[in-house]
Structure formats: structure tokens, C-alpha cells
Amino acid sequence: MDRVAIIGASMTQFGQRDAWIRELLAEAGQAALADADVSPDEIEHLYVSNMASGEFEGQTGVPNALAHDLAAMPAYTARIDQTSSSGGAGVYAAWQSVASGASDMTMLVGGEKMTHRSTAEATDVIASLTHPVEYKHGVTLPSFAGLTARLYLDTYDAPRESLGKVAVKNHKNGVDNPHAQFRKEVDLDTVLDSPVVADPLRLYDFCPITDGSAALVFCPESVAREYTDDYAVISGIGGATDTHVVHERADPTTMGGVVNSSDIAYEMADLEPDDVEVAELHDMFTILEFLQSEDLGFFEKGEGWKAVDEGVTDRDGDLPINTSGGLKSKGHPLGASGVAQVYEIYKQLIGDAGERQVDADVGLACNVGGFGNCVTTTIMESR
């Protein structure tokens with residue numbers, strides 16, 4: 001089977017945007033086509049990763065509208081919705097379309113428009129992905145995060161400051177990302193003194209509500225060579241789910257979907273966790289960076305916080321994590337986040353990450369839906 005390559009990518013400015021979802025998607029789509037030097041009529045499959053355009057702004061039918069806006073007719077279109085891991089699921093769908101031989105040129109555009117809604121309204125839309133019984137009792141993802149963070153800190157004797165250091169690191173990385181929502185450093189005291197949201201987590205432990213879009217262009221590696229010498233390949237990809245009811249898990253600090261999806265990806269790529277040289281993890285909450293880094297096999301269980309404390313995951317550390325600034329600094333437009341993670345890894349692997357550039361030939365992106373309910377892990381390598 002010919003390997004699947006990414007030959008073009010784009011990312012809009014993340015943050016509070018005046019544009020609506022169709023405009024955001026078109027902005028990223030046009031930029032990705034230009035980056036790949038591909039004309040719209042070459043696109044055979046067009047996927048849109050989006051969680052809730054209907055709930056947020058009453059807009060449905062966005063994939064076929066995007067095909068029109070990009071002049072990509074008669075491309076096959078589909079919307080990919082897998083809650084906050086819609087972007088990763090879209091990467092999987094786009095990979096499948098090329099790997100199966102069904103398409104020689106596939107585009108994925110992920111996006112979300114959220115900031116026009118209040119924090120309470122946006123939180124309620126996102127909380128709708130929880131189990132109905134949990135939702136009825138007022139459970140939200142921030143409350144899950146707080147409970148899990150408390151369990152983790154108590155179980156592994158981790159100091160509260162360790163969570164704050166994740167926020168400090170990712171904000172520092174975000175300064176050098178021109179597309180990030182928050183391009184400013186924060187110190188540890190600011191993080192630890194910010195308002196409590198879900199004890200022990202505070203305001204700076206959470207990612208913001210964000211508008212934005214990102215796009216990728218996929219094709220077989222043999223086709224990629226006809227367009228460019230600068231491309232990256234997806235060498236492994238896996239998707240998995242975990243229990244919908246979080247309290248049914250034997251250990252809430254283990255994300256089974258991360259473990260299982262990464263096992264599939266590692267086996268497909270014939271690689272091990274130690275082979276990964278840069279990673280983008282789904283830090284919707286700071287505690288998730290610890291959990292994912294351990295469940296991906298980067299660190300032993302309960303040791304992820306020590307890696308952050310010791311600088312291992314810094315941009316100049318042995319395993320840079322979230323060089324983009326992560327969701328924490330870059331922002332989290334639900335359907336775009338998983339696509340933007342792969343955008344960052346692609347840029348790193350082709351040596352086009354600017355001030356964020358690290359030395360890496362193998363990268364990994366892990367996109368999480370809900371509180372680990374569904375996960376896609378993607379491993380990429382330079383050509």
C-alpha cells in the first residue's frame with residue numbers, strides 16, 4: 001500500500017473572530033490549496049471536521065457549502081463529528097479515503113465558531129456529549145477534570161504546582177505561534193492565584209473558547225512526489241473509545257482510548273514511544289497532558305508530572321510537547337483542534353515551524369473527545 005502523504009496545510013488565526021463557520025472553513029481551505037499548489041477541481045474527497053455548527057450558530061450542511069465556496073465540485077463531501085476529537089477523526093477519515101484507493105487527492109478542513117456564545121452556553125453545548133445521567137446531574141467536563149486532577153495528585157504525590165507548570169510551558173510556546181489565541185507568557189504565581197474553576201484546577205488550567213479553522217491536503221506518496229519535495233507521511237494511525245460513563249472506569253487516571261489508539265498506531269508505524277521526537281497532546285485541561293503522556297508510553301504511570309517539572313517536555317527538552325502552545329495557549333475550536341495538531345507536526349517535520357522549530361523526524365498527535373470517550377492518535381514521519 002502506498003503511504004499517505006500530507007503535501008499542504010494551513011491554519012487560520014485562532015481566537016475571537018468576526019467570521020462565521022463557512023467563512024472560517026473557506027479561509028483555511030483556500031490557504032491549504034495554495035500551500036499544496038493544488039487546484040480546487042483536483043479535490044476528489046472533501047471532509048469537514050465540526051462538532052456543533054448547528055448548536056452554536058444554526059448552520060448545517062457545511063461540507064457541501066464549502067465545496068461550493070472553494071469551487072471544489074463535484075467532490076464527495078462529508079461532515080466528521082466525534083465531539084472534541086472531530087479533527088482527529090477527520091484525519092482518520094481522510095487517511096482512509098487515500099489509503100483505500102478511493103481518492104488520490106483529499107482535503108480535510110476542521111473548524112468551529114464558538115465565541116459568540118456565552119461561556120455558560122458553550123459549556124452546555126460541550127457537556128451534551130456526556131452520558132445523559134451524568135448530564136442530568138450537572139456534570140461538565142471541567143468537573144471531571146477537577147475530580148481526576150485531585151485523584152492524580154493524591155495518588156502519585158504530585159504537587160499542585162506541577163499542573164501550573166504545564167500552563168506556563170504551553171503559554172511560553174504559544175508566544176512563537178503567530179496563529180495562537182494567547183501569545184503571552186504567564187508565570188507560575190499567576191496560574192496558581194487565578195480563580196478556582198473545579199478544585200484543584202484554576203482558570204489557567206483550562207483552554208479558552210475559540211473560533212478558528214485548519215486544513216490539510218492528503219494524497220498517496222507517489223502523487224506527493226509530483227507536487228513537492230517537502231511532505232510528511234502518516235506512518236501509523238489508530239482510533240479507539242473508552243466507557244461513556246467515566247466513573248465506570250477501573251482507573252479514571254488512565255485513558256483507555258489513548259492506550260488502545262496509540263497501540264494501533266505504533267504497531268502500524270513499526271515504532272515505539274521512544275521513537276517519537278515531538279508531540280501535540282490534547283491539553284484541554286492541564287491534567288490531560290500528564291494522563292496522555294503516560295498512556296502514550298512516553299513516561300511511566302504517575303511520572304508525567306516529573307517530566308514537566310524536570311523540563312523534559314520543554315521545547316529544548318528531550319521530548320518537546322505542545323510546541324504550538326497546545327490547546328491551552330493556541331485555543332480550542334473543537335472541530336479544528338485535531339487538524340491543527342497535525343498541522344503543527346507537519347510543519348515541524350518539514351522544517352517550517354519558524355521560531356518553534358525543533359529537531360524531529362517522527363511526531364505524534366493525540367486528539368481526545370470528551371474525557372477520553374473517543375481518541376485518535378496519529379504518527380507522522382518526515383519523507
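Which residues does Leu327 touch, not counting residues up to four places away in sequence?

## Around Leu327

Leu327 touches Cys207, Pro208, Leu281, His282, Asp283, Met284, His332, Ser337 and Gln341, where contact means heavy atoms within 4.5 Å. Leu327 sits in helix α14, residues 326–330; helices here are DSSP runs of H or I with at least four residues, strands are E runs of at least two, and both are numbered from the N terminus. Leu327 is also buried, at 0% relative accessible area (buried is under 20%, exposed over 50%, partly exposed in between, with a 1.4 Å probe and protein chains only).

## What you're looking at

This is a predicted model: local features need pLDDT of at least 70, and side-chain atom pairs count only at pLDDT 80 or more, while totals for chains, interfaces and linings use all residues. Residues are numbered from 1 along each chain as its sequence is written, and side-chain values use heavy atoms, leaving out hydrogens and water.

## The sheet

Nine strands make an open sheet with mixed pairing, in the order β3-β2-β4-β7-β1-β8-β11-β10-β9; two strands pair if DSSP finds at least two bridges between them. At the edges are β3 (76–80) and β9 (278–280), each pairing on one side only.

Further in, β2 (residues 45–49) runs parallel to β4 (residues 106–112) over five bridges. In that pair, His45 stands opposite Thr106 of β4.
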